[in-house]
Each structure stands twice: as structure tokens, then as C-alpha cells.
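Hello,

Here is the structure we talked about, handed over for you to explore. Please open it first, then read my notes below.

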Amino acid sequence: MEFIGEKLLQVVIALAIFAAVIGLIMLLVDRAPKSVKDKVTVAGFLAPAAILMLVGLVYPAIRTSMLAFTDASGNGNGFDNFVWMFTQPEALTTLRNTVIWTVLVPLLSTSFGLAYAVFIDKARGERVLKSLVFMPMAISFVGAGIIWKLVYDYRGPNIEQTGVINFFRDALGMDPKQFLLDAPENTIFLIIVMVWIQTGFAMVILSAAIKGVPVELIEAARLDGANAWQQFRNVTVPGIRGALVVVLTTITIATLKVFDIVRTMTAGNYDTSVVANEMYTQAFRAGEPGRGAALALILFLMVLPIVVYNARVLRKQREIH
Amino acid sequence: MTATPAPKEASKATRQRPGSDPTEDAQPIMRRVKTKLTSKWATAAAIIIAVVWSVPTFGLFVTSFRPAAKQVGPRSNGWWNAFVDWDFTFKNYADVLTPAGSQSANLSQYFVNSIAIVIPVTIFVLVLASMAAYVFAWGKFKGRDALFIFVFALQIIPLQMALIPLLQFFTQTLQLPAGSYAQLWIAHTMFGLPLGIFLLHNFISEIPGEVIEAARVDGAGHSTIFWRIILPLSVPALASLAIFQFLWVWNDLLVALVFSGGTADVAPITQRLAEISGTRGARDYLNPAAAFVSIIVPLLVFFGLQRYFVRGLLSGGLKG
């Protein structure tokens, strides 16, 4: 176990360096002459984060955008990478799959999460029931991939099935199915895994929002003779609109970037690849960084409208304050 | 608001509580009766969903304790059979955790790597993000709000866009040694900052201004205010961000694949797991135990600190 000591030492050294840097900043801020004190404070407190974000996000984003217009050896090739993306059948499949993912995952996760939040509201054992559905949030995509392989497991006909679903198909007299191999529906079976992970997130946020809807409003609707569905549609849903937008946005962004599930379960084979996975394959496996960068740029353009919308909401909030 | 209740239910309510004033008690009782009826089906549906949601994880848990012959090969069968013919073993766990058991899936080193990666990153992000959040909330400088919105918008840059140039920057410009934790620490910290600043800012900006003003009157400088007042008051927000950051970094695969170099010296447990689950082989029966080793830490963090976690989700989520 001697490797632990060596690794621990690296961690301690890193933390010590970090503490020294922060201590130095604090010292500078405190010792600054009064006339520039406020400016030095802002600079000192902001600089470490700002530098890291510039180097880690802003600069790479600009570089990648430029890289998208070069070929494998780094020479400019105009829009060739984008032409490749929108003409090659495999690349088109990747784009199609990404669209299916981003439509289905937010929609299904949010509906399940909302339904569940409504069902368990004030039910007995609410906390335990919530924990069970929320639990997949804590599990890595890789772990989830392995978990779901056990669910989708396939063995040839006439052998005892080891996968849960095929066991039930067997019991019902249906042929076993190769869930991860048969395109195009295998994409749906991967999507189910993501829905399984994200539903808990949607449920927790929406459940809190539902509890925030004024009781008097629901009461009034009930007294006016609205049934459960009408109460839900006309009072609860408008009351939690803000939370619904947040949940849909967050899950959509997470889905666009989804990578690990596909990577672990099919590695993008059998027509299941998505943009994020294909980007990794092209840039780091196939030696085509230009194509990878082009795919990343497309990903960015797909997320952009969502964030612009949210930034505008945020700006409005800050103007009110 | 004072619409008349449906006559039928009102009379039912009076019948149940003959002594009480019907106009006062009709509504609460009616509500209770109604929710009881509707919630029975709703609760049943909720329980079914909860079971469906838990079965996959439970299946993994059971499988991880099943002997190799029951998992793969001609005599294997589904994990639910383990309850019919009782047959459990700890051998899989012994095999994946000790070097002697198996060289192909020895996880203990990777497990230590995951811990060595996640702890510094969490501390770095918490300190740097709270410093920046403090300045965005209470500092005064030109373009503060515009800059803050820009930081918020950085959340959208897909990691995929940052990876190639950042890798070049690390190896060529900074000459960071390959196969050390440094690349992973720095990369994860960079990627964690925008959301961290955003979440903490929401909390820190709501600290009452009088507290800070009072400290300033007493002669406290910015660094004193930050360490002695802001951080202690922000503990709930810091706790939830810490849990978040911990889970993200622990569960990450993409950053690890690009920056770790893939050796047992540095690579985290998710990366090892992805490797061994990607290759079908004779040691497949070790995958469930390996997977469970990798998810036990986040599960413990999750169940142990669930309260802060949910609060953190809400403070960031609902306001954003």
C-alpha cells in the first residue's frame, strides 16, 4: 500500500501551494494603500477564477471554433468538415440521434418527475419514496451503463434469460430481444437510461415548486368544482411554470452533452452515436481534430439559444433588484 | 374565494361531525376525505414508479455477490434466482480490490486516485468560486452585472469544445508532466467555476448588508469580512456546492479520459470501469462488483448529506 503515501503527498503539496497563493492574495489585499484598496480587492478576489475560466473555457472555445475549419494536418479547409457532417450517412445518423435525445429526454424526465412529484405530495413515506427515485442522480453514467446492461442482457432463444426484460418477454412467450444491437430502437433504450437518471432531478425541483403553490388557489379551484386534473392543469402547472423552464433547460443542456452512457453501453456502435461521443471519437481516436471541433461547434450552437434565453431571464431578475 | 361547497359533500361532512358548526368544518373535512380517495391510487402509482426505478440498482447489488458460475457460462441465470437457491459470495469484491485477485480489475489504486482527484478539486472550486461570488455580490466595479452574466453564460461551453486546446496548452505551453494529477485538478477546477460562482452568488448576495456594513465600521478589511463573516454564513450553500462538485468529479469520465493518460497512477475509477465494461471477456463476472465499488462513495455522500444536497439544488435551480 506504499502507493497511497506517495499519492497523499502529491495531494498535500497541491493543497499547500494553493493555500500559499490564496494567503498571498489576502496579504496583498490587506496591505494595499487606501486609495486603491477597493480596486486591489476586486482584482485579487476575482483574478484566480477569471484567469482559470479564460484559459480553460474562453480561449479553448475560440481555438476550437478556428480548428473546426482545418483538416487533419492543420491546414484550412473551409467548410469541408461541416459538409462531411451533413452528408456522410454515419454523421447524419449521429445528428439525428442527438435530436431524438434532446427531444425525448427532457420531455420524458420532466413528465415522469412531475407526475411522481404530484403523486407523492403528502403521501406517507414521501421522503423514502423521493430518495429512491432521486438515487440515480448520485450514480455515474458509467455505473448506470453497467447497471442497465444487466436489465437489457440478451441470450439466444431457448436459453434461460439473465436480463430482467428478456425474462419477462420469455414468460409472456415473446422472443428475446437484443436491445442494444437492433437499430434504430436501440437509441430509445439508451435514452431510457438517461431518463432514469434525470427524472429524480426534475422530481425534486418540481416537488418543491408544487409545495410553493398557494394552498388558497387550489382550494378555490376545488370549491369551484374543478376535478383533480383541472386543478392540476389550471392551477398547479401555471404556478410552477418557472421551475418547469429551469428543469427543461438544465436537462436539455445535460442531454446535449451526453457522452458517457453511449460510450459505456455501445461505444457509439450500431447507429447509436451522438454528437458528443462522435466528437470524442473523431478528435481523439480517428485523428481528425478538425471534424471533432466542428462537431463541438455544432453542439455549442445547439445549446446557445437556451442559454441566451436564460441569461435574459437572469438580467431581468437583476434589474428588478 | 368563498364559493359555496357542493351541497352533497357539505351534508356528508355535517353528518360526520354533528356537534360542530357546519360552515366552519365542512371545508377541512371535505378536503381530507377527497385527498384520501385520490391519494390511494396516486400512492400506489408512486410506489410502482419507485420500485421500477430501484430495481436496476438492486439487481446490480445482488449480482455483485453472486459466484462467477452463476453469472456467466452455461449454468448462469438471472440475479433474482439468487433468492431461490441461496448462493452469495464476497469473492468478487476480494478479487477486484486486491492485486492478488486479478490484475485486470484491481480497483483499489484507481479508487485512491479518485479520492486524490476529487478532494483538492472540491476545495479549489469552493474557495475560488466563493471569492469571486463575494466580489460579484458586494464589490463595486464597472461592468459588474455584465461580467456576471458572461460568467453564467460560460456554463454552456460544452466541455468537448475546451478539451483539445486545453490539452495542448497543458502539455506544450505549461509543460505539465503527463500522468500526474495536476492536469485533472486544474481542468476540473476550470470547468466547475462558472456554475459554482453562480450558485454561491445567489446565496452570498442575500446576506444582509447591515452585517457587512457593521463589520466595516468596526474596521474590518475585505479579507477579514470574507473569511470571518461571508464564509461562515454561507456554510449551507458551500455544503451543497461541495456535494455537487464531489459527485461531478467523482462521476466524470470525459475529463479523465482526456487528461489522465490512463495509467493506474492517475486515472480515476470511472475510467477503469469504462475500460473493463467495454471489453467482453472471461472476467465479466467482476464488473458488477467493480461498478458497486465505484458507486458506493457517491451513494454514501448522497444519502448522508441529502438534506443539504436538495437545498442546494433549490437555491440554485429555482432562481436561475
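Over all chains, the structure holds 31 aromatic pairs. Rings of Phe, Tyr and Trp (its six-membered ring) pair if their centres lie within 6.5 Å; planes under 30 degrees apart count as stacked, over 60 as edge-to-face and the rest as tilted. This is a predicted model: local features need pLDDT of at least 70, side-chain atom pairs count only at pLDDT 80 or more, and totals for chains, interfaces and linings use all residues. Residues are numbered from 1 along each chain as its sequence is written, chains are lettered from A and ligands numbered from 1 in the order in which they are written, and side-chain values use heavy atoms, leaving out hydrogens and water.

Have a look at B:Phe65 and B:Phe90, an edge-to-face pair with 5.4 Å centre to centre and 85 degrees between the planes. B:Phe65 lies in the loop between helix 2 (22–64) and helix 3 (68–71) of chain B and B:Phe90 in the loop between helix 3 and helix 4 (91–97), so the pair ties together parts that are 25 residues apart in sequence. Helices here are DSSP runs (H or I, at least four residues), strands are E runs of at least two, and both are numbered from the N terminus. B:Phe65 is buried at 16% relative accessibility, while B:Phe90 is exposed at 64%. Buried means under 20% relative accessible area, exposed over 50%, and partly exposed in between (1.4 Å probe, protein chains only).

In chain A, ring pairs link A:Trp148, A:Tyr152, A:Phe179, A:Phe189 and A:Trp196 into a cluster.

Enjoy exploring!
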